[in-house]
Amino acid sequence: MSDQSAFSRKTLENATMPPSRGILEELNLPPQAIKFIRANRQNFIIAGVCVVVAASGWSLYNKYVERREQKGASALTLALKEQDAEARAAALARVTDDFGRTSSAIWARYELAHAAYAEGRFDEALKEYETVLGALSGSNPMRPLVLQSLALAQESSGAVDKALVTYGELAAVNGFKGMGLAAVGRLQEAAGNTAKAVEAYESYLNEPQNPAEAERRAMVEERLAILKSAPAQ
């Protein structure tokens, strides 16, 4: 009887225990959702592993890029310290070769373009400036500097029409409109296009005054007065 009684108590305990609930039930998910998740448990595990692997890979890639930028900056610093022109050019070229499209490699190519321009190798300078410009985003603070350098190289090589376009692009950059307009006016005046030169100079003078451009503004005012006082041809 005692066994029977014990069995009866066990049966009663089992009968009164609430059914076990998994974590999905605890989350109060709809039954259909729970059924779908359990049916695709293997796929969810694989997807989770893939996400973890991708996140780890991205983190490692960012660290690699950061280390590469640091090494490139160090190499650029050493290259710029070279006093001998040939050694400096060779060191800068190594930076462009070894560190690809890093900011250090872009700046190294910009320095190589400057060197070519200074030595009168305008075609080479143009090629380097154009390569640098193509590697920069529209918002990169280095872009107006490259545009100005490119325009000067175009002028020096006799490509005045291209220089006018480049100076026009420079004038479209916030903070460099005056510089671009003054250059356009100067080139148009040199080409004998008086009306276009006057238009560019007047546009420049209509811009808000910048104390840092006092000398350029005085020059533009003088050139504009001369052009307006000249007899019509």
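Mentor: Phenylalanine 122 is partly exposed, at 25% relative accessibility (buried is under 20% relative accessible area, exposed over 50%, partly exposed in between, with a 1.4 Å probe and protein chains only). Tyrosine 117 also counts as partly exposed, with a relative accessible area of 29%. This is a predicted model, in which local features need pLDDT of at least 70 and side-chain atom pairs pLDDT 80 or more, while totals for chains, interfaces and linings use all residues. Residues are numbered from 1 along each chain as its sequence is written, and side-chain values use heavy atoms, without hydrogens and water.

The structure holds 3 aromatic pairs (Phe, Tyr or six-membered Trp rings with centres within 6.5 Å; planes under 30 degrees apart are stacked, over 60 edge-to-face, the rest tilted). Tryptophan 107 and tyrosine 110 make an edge-to-face pair, with 5.3 Å from centre to centre and 65 degrees between the planes. Both residues of this pair belong to helix 6, residues 103-118 (helices are DSSP runs of H or I, at least four residues, numbered from the N terminus). Tryptophan 107 and tyrosine 110 sit 3 residues apart, about one turn of the helix. Tryptophan 107 is partly exposed, with 28% relative accessibility, whereas tyrosine 110 is buried at a relative accessible area of 6%. The rings of tyrosine 117 and phenylalanine 122 stand with centres 5.5 Å apart and planes at 55 degrees, so this pair is tilted.

The residues that line the largest pocket are Ala85, Glu86, Arg88, Ala89, Leu92, Leu112, Ala115, Glu119, Arg121, Glu124 and Glu128. By class, this lining has 5 nonpolar, no polar and 6 charged residues (Ala, Val, Leu, Ile, Met, Phe, Trp, Tyr, Cys and Pro are nonpolar, Asp, Glu, Lys and Arg charged, the others polar).

Methods. Helices (H or I, at least four residues) and strands (E, at least two) are DSSP runs, numbered from the N terminus. On a 1 Å grid over the protein atoms alone, a cavity is a set of points where a 1.4 Å probe fits but cannot get out, and a pocket is an open set with protein on both sides within 12 Å along at least five of seven lines; lining residues have an atom within 4 Å of a point.
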